[in-house]
Amino acid sequence: MTWCKPKVISLTKRHGQTFGFYMKIESGEDGHLVRSLEMGGPAQLAGMKDGDRVIRVNGTFVDGMSHSEVVEMVRNSGPTVTFHTLDEASYKRAKAEGVSLLDPQQAPVANGGSKQDPKLKLCYLVKTSSSFEFSVRSVKGVHGVFMTDVTPGGVANRAGVEVRDRLLELNGENLESCTHEQVVEKIKQGGSSLMFLLVNEQTEGFYQKKGIRMGHWLATTKYLPHKPRIINLFKGSDGYGFLLAEGDAYEGHYIKDVDRGSPAEQAGLKDRDRLVAVDGNDVQGLNHEQVVDRIRESGNTCCLLVADRETDQMCKQGNFSPMLFWDETGRAAPPPSYTEAVRTHSFTRPRTPVQERTEELVPKLCRMEKTNATFGFHLNGIQGVFGQYIKDVVKGGAADLAGLEDDDIVVEVNGMNVEQSTHEEVADLIRRGGNSLEMLVASRKVYDQLKAKGVTITRLLITDRLHEEIQSTQALRQVERARPDSPVETPRERSRSVSSTSSNDSVDVRL
């Protein structure tokens, strides 16, 4: 159903800014509505429309959640949020035809019923008083142990436990071959917290009929109090701003030394978060070098699934991977990869201060994709006279995000030198490029200085600068290889290379 496919929109706001829209609920309207779009704001420039419905936030399906929960989720996401939206007409059609928005590829449902496979339940109980406020019972001639005497509003009930649910697992251990007395004893030995895998009669009958073995891989995670987080990262001028470590201090790959004010901190990454997946791919079974390569292959932006200590301990108690959360909420419609993001949105590149560029005498190569039928700048010049420059760059528009600035001199358009072209010729070149545009430009001061030195301005000047950085990186790595294996302090001021430290116990890589 291509008409029901949500649009993926990743928005990034600057300090002190908003995303440029209101999310509302209205009488007589279903869903979380996009309203009051700010003209020229991040949301409007990214393609959001008035009346769109927000279906997912950072991969989590939110159409059935309360408005306050969704608003809080957006607020807690930091400066970058990935939305899945559906236009108003498609949303209303889906509701009218009974199409599941959680998985639009499924057949329409009749009379509001769901055609999704039913789910088992993972329920995490934490004792707050003298008991968990439930009992278990066995029925003669019926296989299994069942929940009973579940106190309404009590510990078990709040965790998702219902009367007549059958208990399949306790803390990751299968109980189907245990007697009633053995189950009771294991519950008593469980301490102050318990992880249950439960199934109701209808769900059990569904899987028995299909001959499918039941386990936590068929369970919903919606009742669990702790969840891993989806972190969308955009690389800054000094990288992402965190160390990826592996060693005996913590099991697996974990986050360390998140820099203050870095993209990692702004996106919500925290020290001691355990890395579970990169761009939706499970990395728990990979070695350190393989995980680092996965992150590098993501380019200038990547999506991480991380679990804090509480979430990680809860998952280990239930003997299941945090990837179960991604399988349920993320994999059905994952956030865009770097390649997809570049194809559909203008990519925000970290800007080098004007003064630094002037000293280096390097032009800028700016690539952009048209948003809202415009690139967001004016091409200025005198008709019939050579020489064109940029004016009226729209803040937050495609040109602004690509790095164009007012008074930049245009040198090339889509690979063709235009210094001796008229205004009409340059404008025609831009039009013929369609929705994509690549411009080589230089600030007026850089342009004048390069011309005064007799230097021809081409993209080779950028390539030469990159070659110098690569040589500097290789030299730095040679120095790092010569370092002893004892732990060393990673310098807080970093070059553009990836710096690393290593010891017998751990491996840390700065990203």
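The side chains of glutamate 88 and arginine 53 meet in a salt bridge, with 3.5 Å from N to O. Glutamate 88 belongs to helix α3 (residues 88-97) and arginine 53 to strand β4, so the pair ties together parts that are 35 residues apart in sequence. The model described here is predicted.

Arginine 53 has another partner. It also forms a salt bridge with glutamate 29, and the closest N and O atoms of that pair are 2.8 Å apart. This pair links distant parts of the chain, 24 residues apart: arginine 53 stands in strand β4 (residues 53-57), while glutamate 29 stands in the loop between β2 (22-24) and β3 (33-35). Arginine 53 counts as buried because its relative accessibility is 0%. Glutamate 29, with a relative accessible area of 25%, is partly exposed, and glutamate 88 is partly exposed with a relative accessible area of 25%.

A further salt bridge joins aspartate 312 to arginine 274, the closest N and O atoms being 2.9 Å apart. Aspartate 312 lies in helix α9 (residues 309-318) and arginine 274 in strand β17 (residues 274-278), so this pair ties together parts that are 38 residues apart in sequence. Both aspartate 312 and arginine 274 are buried. Elsewhere, salt bridges that share partners join Glu29, Arg53, Glu88 and Lys92 into one network. In general, side chains of opposite charge can pair when their charged atoms come close. The structure holds 23 salt bridges, and the table presents the pairs described above.

| Salt bridge | N to O distance |
|---|---|
| Arginine 53 and glutamate 29 | 2.8 Å |
| Glutamate 88 and arginine 53 | 3.5 Å |
| Aspartate 312 and arginine 274 | 2.9 Å |

The report now turns to helix α2. In this helix (residues 67-75), the residues His67, Val70, Val71 and Val74 are buried. Seen down the axis of α2, the buried residues fall within an arc of 100°, so they line one face of the helix. The elements that cover these buried residues include β2, β4 and β6 (80-86). Strand β4 is also the element in which arginine 53 is found.

Cysteine 123 counts as buried because its relative accessibility is 0%. Cysteine 123 and leucine 197 are 74 residues apart in sequence, yet their C-alpha atoms are 6.5 Å apart in space. When neighbours within four places in sequence are left aside, cysteine 123 is in contact with Ala159, Gly160, Val161, Leu194, Met195, Phe196, Leu198 and Leu224.

Rolling a probe the size of a water molecule over the atoms shows where empty space is left. The count comes to 2 cavities of 30 Å³ or more. The second largest cavity holds about 30 Å³ of space. Its lining consists of Gly144, Val145, Arg166, Leu167, Leu175, Glu176, Cys178 and Val183. By class, the residues of this lining divide into 5 nonpolar, 1 polar and 2 charged.

Notes:
Residues numbered from 1 in each chain as written. Predicted model: local features only at pLDDT ≥ 70, side-chain atom pairs only at ≥ 80, totals over all residues. Heavy atoms only, no water. Salt bridge = Lys/Arg side-chain N within 4 Å of Asp/Glu carboxyl O. Helix = DSSP H or I, 4+ residues; strand = E, 2+ residues; numbered from the N terminus. Buried < 20%, exposed > 50% of the residue type's maximum accessible area, 1.4 Å probe, protein only. 1 Å grid on protein atoms, 1.4 Å probe; cavity = no way out; pocket = protein on both sides within 12 Å on 5 of 7 lines; lining within 4 Å. Points joined across faces, edges and corners; volume = space filled by probe spheres on them. Nonpolar A, V, L, I, M, F, W, Y, C, P; charged D, E, K, R; others polar. Arc of directions from axis to C-beta. Contact = heavy atoms within 4.5 Å.
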